[in-house]
Amino acid sequence: MKPRATNGSDTRETRRLATLLDVSQALSGTLNLKSALHRVLEILAKHHGAVRSMVTFLAEDGELTVEASDGLEEPQTVRYRIGEGITGRVVASSKPVVVPRVSREPELVHRAARRSESREELSFVCVPILVNRKAAGALGVDLRYKAERDFDSSVKFMGVVASMIAQALKVQRAVEDERRRLLAENTHLRQELRERYDFSNIIGTSGPVREMYEQVAQVAETNTTVLIRGESGTGKELIAHAIHYNSLRAKKPFVKVSCAALPESLIESELFGYEKGAFTGAQTRKKGRFELAEGGTLFLDEIGDINLGTQVKLLRVLQEREFERLGGTETTKVNVRLIAATNQDMEKTIAEGTFREDLYYRLNVFTIFVPPLRDRKADLLLLADHFVEKFSREHGKMIKRISTPAIDMLMSYHWPGNVRELENALERSVLVCDGQVIHGHHLPPSLQTAESSGTVTRVSMNDAVGAYEKDLIQDALKTTRGNRAKAARLLDTTERVFNYKVRKYAIDSARFRT
Ligand SMILES: Nc1ncnc2c1ncn2[C@@H]1O[C@H](COP(=O)(O)OP(=O)(O)OP(=O)(O)O)[C@@H](O)[C@H]1O
Ligand SMILES: [Mg+2]
């Protein structure tokens with residue numbers, strides 16, 4: 001009868017392997033451990049004859065709670081203390097326990113099982129779920145009693161299942177830890193952002209700046225669309241951040257779109273997103289920035305540079321608060337606060353027809369003008385000190401102050417690049433400064449006057465103007481490929497005057513023809 005026995009155990013081994021395969025698939029198929037465990041217990045019931053089964057986990061308070069069960073009534077209410085009952089003993093000792101005949105085990109506290117109506121004799125196998133060699137819970141299974149059952153092999157098999165569960169539990173805990181870490185980090189970063197864009201970090205006490213603070217404070221808590229206007233480098237983006245982080249939307253995203261940096265063909269898909277297959281290359285559906293900013297603030301930087309087609313779509317979002325993804329038909333509602341910024345002369349772009357007047361009126365609900373630095377010289381020293389301190393710290397220098405002549409140079413410069421230019425100039429000065437004081441010669445060349453740099457040249461005004469005029473004319477001729485009539489128009493002058501100057505400066509216009 002030997003061959004038959006071998007056959008019998010062979011089929012049993014095959015069945016067990018197949019069960020393990022199913023169990024591993026159930027555990028790896030989802031990140032939801034609870035539902036995976038339910039699947040595992042169902043598999044044990046179906047392919048392994050488990051009448052009842054449950055997985056208990058050890059909670060931090062030392063109690064064992066049922067994480068998943070099969071074949072039990074109201075199992076969620078069952079709790080064991082560690083050491084109590086068989087399951088408690090298994091967890092306390094990290095060793096498996098086998099009860100061949102449940103009916104003969106008076107000590108058995110198997111409360112959930114007692115409720116069941118079944119009266120047939122059962123065997124109970126309980127194995128620990130070991131994580132880092134410590135029991136994190138137990139797997140308990142009731143099997144139909146069979147006198148000839150090989151309990152050693154049952155325990156081994158359940159042990160393998162328990163170790164698979166342990167692995168899944170480990171992964172889940174790692175994921176959970178990582179999620180908690182990211183959440184904490186995110187909260188921390190948000191706090192940092194909020195501090196960074198706090199009003200106290202916007203330097204300035206001059207009249208125009210105080211007026212601006214008031215406007216920001218007024219508008220921050222509303223949902224009003226804000227248009228921030230001002231020259232390049234005046235701090236428009238800083239203001240946009242300050243509005244967001246002082247608004248009720250502070251905990252929601254702040255999403256920025258640099259309209260000038262995006263090519264025309266991309267801006268719409270960036271703003272509104274697209275459906276799969278909307279155009280060649282659109283292999284998956286993509287959310288636009290409007291959707292990413294849901295509940296928060298969308299900052300449209302350099303709005304003056306946006307093309308007319310996109311302007312129409314933006315107007316619709318502003319009016320109806322809804323849009324469609326590119327290549328889609330489904331309308332998406334948005335709850336987004338819009339802040340736009342521009343350094344362009346909007347009235348001029350409207351007159352030239354490159355910006356829609358109706359969109360402008362929609363944006364122009366509340367406008368904040370950020371004054372250029374030259375109009376707020378009172379803030380210049382405050383800002384300069386702030387940047388010197390900031391960059392000294394960043395570059396590990398011990399700079400204490402700015403010398404009086406250097407201050408004079410800062411004050412007499414016209415700062416076309418505004419605060420950004422000042423910031424860059426002072427970073428450079430901090431880098432080249434080798435002592436504790438910033439002197440005039442540490443400042444960039446653009447701030448050095450002819451006098452201070454010793455490069456004064458004597459030239460008559462007539463000669464200088466003449467040279468400039470000649471340059472302009474040659475440039476215009478180059479642009480128009482030697483066409484004098486066009487060149488004259490380009491320079492806003494008459495052909496008669498233009499020809500006179502060409503002769504006066506002995507310019508050979510034929511040279512520019514191609
Ligand atoms: N009042 C201020 N206090 C401190 N830093 C400022 C202030 N204003 C501007 N800055 C700094 O100057 C730099 C330029 O500011 P920002 O980028 O906001 O300018 P912008 O108006 O958006 O310029 P652009 O139009 O060129 O984009 C930033 O590094 C910002 O931190
Ligand atoms: Mg900007």
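**Reading the labels**

Mentor: Let's start in helix α5 (residues 151–196), where E176 and R179 sit three residues apart, about one turn of the helix. Helices here are DSSP runs of H or I with at least four residues, numbered from the N terminus. Bear in mind that this is a predicted model, where local features need pLDDT of at least 70, side-chain atom pairs count only at pLDDT 80 or more, and totals for chains, interfaces and linings use all residues. Residues are numbered from 1 along each chain as its sequence is written, chains are lettered from A and ligands numbered from 1 in the order written, and side-chain values use heavy atoms, leaving out hydrogens and water.

Trainee: What makes E176 and R179 a salt bridge?

Mentor: The rule asks for a side-chain nitrogen of Lys or Arg within 4 Å of a carboxyl oxygen of Asp or Glu. E176 and R179 come to 3.6 Å, N to O, so the pair qualifies. E176 and R179 also belong to a salt-bridge network with D177 and R180.

Trainee: How many salt bridges does that rule give?

Mentor: The count is 27. Another is E389 with R393, at 3.5 Å, N to O; those two are four residues apart in helix α13 (residues 377–395), about one helical turn.

Trainee: Why is E322 called buried?

Mentor: Buried means under 20% relative accessible area, exposed means over 50%, and partly exposed is in between (1.4 Å probe, protein chains only). E322 has 16%, so it counts as buried. Its salt-bridge partner R316, at 3.3 Å, N to O, has 29% and therefore counts as partly exposed.

Trainee: And how do you know whether T349 is buried or exposed?

Mentor: T349 has 5% relative accessibility, so it is buried. You'll find T349 in helix α11 (residues 346–352). Leaving aside neighbours within four places in sequence, T349 is in contact (heavy atoms within 4.5 Å) with Q344, T354 and F355.
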